[in-house]
Amino acid sequence: MKTRNFYMIVASVLIGLIIFWLLMIAFSQFNPFNDPNKITIDGNGTTKSITISISQLTSGKYEMVEDKIFHIKNSFDTESDITYSGISLWSILVEENLLVQSSSDLEFRFYARDGYSSPKFLNLSIIEAFPNLVILATKENGVPLTIEGPLRSVMDQSIMPEGEYSSQYSVQQLSLITINIA
Amino acid sequence: MKEVKQDNINELEDVSKNDDGYRETGYDSIHKKKITNLDYIYSAIIGVLGGIISSLIPFSLLIKVWYPITGGTQLVSGHHVIWGVIVYGLTKKKENIILTMVTKGVLEFLLGDPWGILILFVNFIEGIFLSSGFYIMEILGEGETKLGWGIAGGIGNFFQAPFFWIINQRWYLHWSLWALAFIFAFISGVLITGLLGRAIKNTLIEAGVPTTY
């Protein structure tokens with residue numbers, strides 16, 4: 001019994017140490033303690049890096065999209081319709097004059113505070129062509145986003161490129177949008 | 001604790017044997033391996049309970065506040081499989097685990113799980129893994145110990161983490177997040193599925209819930 005308990009302690013300590021170092025690595029890669037009420041837009045496809053607060057986003061300066069139904073599809077082809085309200089991403093890019101080139105030469109990607117990101121960069125012309133179908137959502141079904149927010153990127157499945165799923169680009173706890181030259 | 005359980009069974013058997021007018025029920029096959037009506041009833045009740053609770057109560061909110069990195073919700077994922085452990089504790093039949101998990105999967109599907117019919121398959125495989133975990137622990141002589149139940153729970157809860165991360169095609173996420181999510185899934189299985197499930201099972205038996213083994 002003593003040997004058994006000794007092995008259990010050794011195994012527990014080893015697992016504890018592995019978790020500790022993995023956590024150190026993860027926390028050195030991401031900063032989950034960013035201010036949740038602000039979002040940053042940066043990248044070499046932008047004229048400047050800007051950080052905008054939610055109160056600025058909802059001040060009326062940018063185009064608001066109210067109670068729009070978005071068609072969401074996941075990688076198992078399960079589909080659902082969810083009502084979101086938020087700010088048109090394209091209106092922010094235009095209003096702040098952020099783009100260094102035409103949208104077809106640029107690509108964008110969403111990043112969350114918790115380390116998640118959308119799978120890959122997509123061409124920015126999608127957002128220009130469908131400004132009301134790519135939004136930074138603040139409400140889901142009329143209820144403000146809390147744990148999942150306060151901001152969440154939302155894209156309608158109808159505008160997704162072939163083989164991409166809108167659920168994977170619906171990024172909770174959105175904190176950064178990177179726009180690069182393609 | 002075992003005495004309480006045994007008394008309970010003996011009492012039922014005595015009543016069954018001594019009273020000529022008493023109609024025998026499934027308790028007659030208490031010491032047989034055949035699945036009894038009581039087994040089916042336990043599977044149905046616990047499976048439905050698990051399906052409703054797993055679907056409608058967002059346990060992940062408990063962890064998102066304290067651990068703000070993706071994959072952290074695996075720390076509480078063990079509650080999905082705890083129902084299989086409870087039913088195993090009451091019946092000691094591995095096929096009952098699978099039956100309970102399938103019942104739970106049907107409920108989750110009917111309650112509109114985002115993964116649709118796939119959630120039924122996931123529950124079925126989790127049941128298989130949990131049964132395998134108990135089988136392996138019995139072979140290793142740990143079938144009745146806390147360690148054995150903990151590791152069996154860990155094995156039962158582990159499957160869903162890599163399955164959903166792979167099906168979500170999260171290749172682009174940092175490798176440390178993958179590793180942490182899988183370790184958390186196993187630890188949650190040990191603590192919540194295995195050990196908490198065992199404690200709940202013991203409490204149920206102490207409270208007088210009849211076992212079927």
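Gln160(B) sits in helix H8 of chain B, which covers residues 160-167. Helices (H or I, at least four residues) and strands (E, at least two) are DSSP runs, numbered from the N terminus. Keep in mind that this is a predicted model: local features need pLDDT of at least 70, side-chain atom pairs count only at pLDDT 80 or more, and totals for chains, interfaces and linings use all residues. Residues are numbered from 1 along each chain as its sequence is written, while chains are lettered from A and ligands numbered from 1 in the order in which they are written.

### Around Gln160(B)

Gln160(B) counts as buried because 21 other C-beta atoms lie within 10 Å. (Buried takes 20 or more other C-beta atoms within 10 Å of a residue's own, exposed 12 or fewer, and partly exposed is in between; C-beta atoms are placed from the backbone.) Setting aside neighbours within four places in sequence, Gln160(B) is in contact with Ser77(B), Val122(B), Glu126(B) and Ala185(B); contact puts the two C-beta atoms, placed from the backbone, within 7 Å. His80(B) is 80 residues away along the chain, with 10.0 Å between its C-alpha atom and that of Gln160(B).

### H8(B) against H9(B)

The axes of H8(B) and H9(B) come within 8 Å and cross at roughly 145 degrees. Axes here are lines fitted to C-alpha atoms, for helices over the stretch in contact, and angles run from 0 to 180 degrees between N-to-C directions.

### Where chain B meets chain A

The contact takes 21 residues from chain B and 22 residues from chain A. On the chain B side, helix H3 (60-64) and helix H9 (175-206) are the elements giving two or more residues. H9(B) supplies the largest share of that side, five residues.

### Strand E5 of chain A

Over in chain A, seven of the seven residues of strand E5 (residues 106-112) are buried, so E5(A) is largely enclosed by the rest of the structure. Leu106(A), Phe108(A), Phe110(A) and Ala112(A) point one way, and Glu107(A), Arg109(A) and Tyr111(A) the other way. In a regular strand the side chains alternate between the two faces of the sheet.

| Partner of E5(A) | Sense and bridges |
|---|---|
| E10(A), residues 174-181 | antiparallel, seven bridges |
| E6(A), residues 122-123 | antiparallel, two bridges |

Within these pairings, Arg109(A) has Thr178(A) of E10(A) as its bridge partner, and Phe108(A) has Leu122(A) of E6(A).

Key:
Two strands pair if DSSP finds at least two bridges between them.
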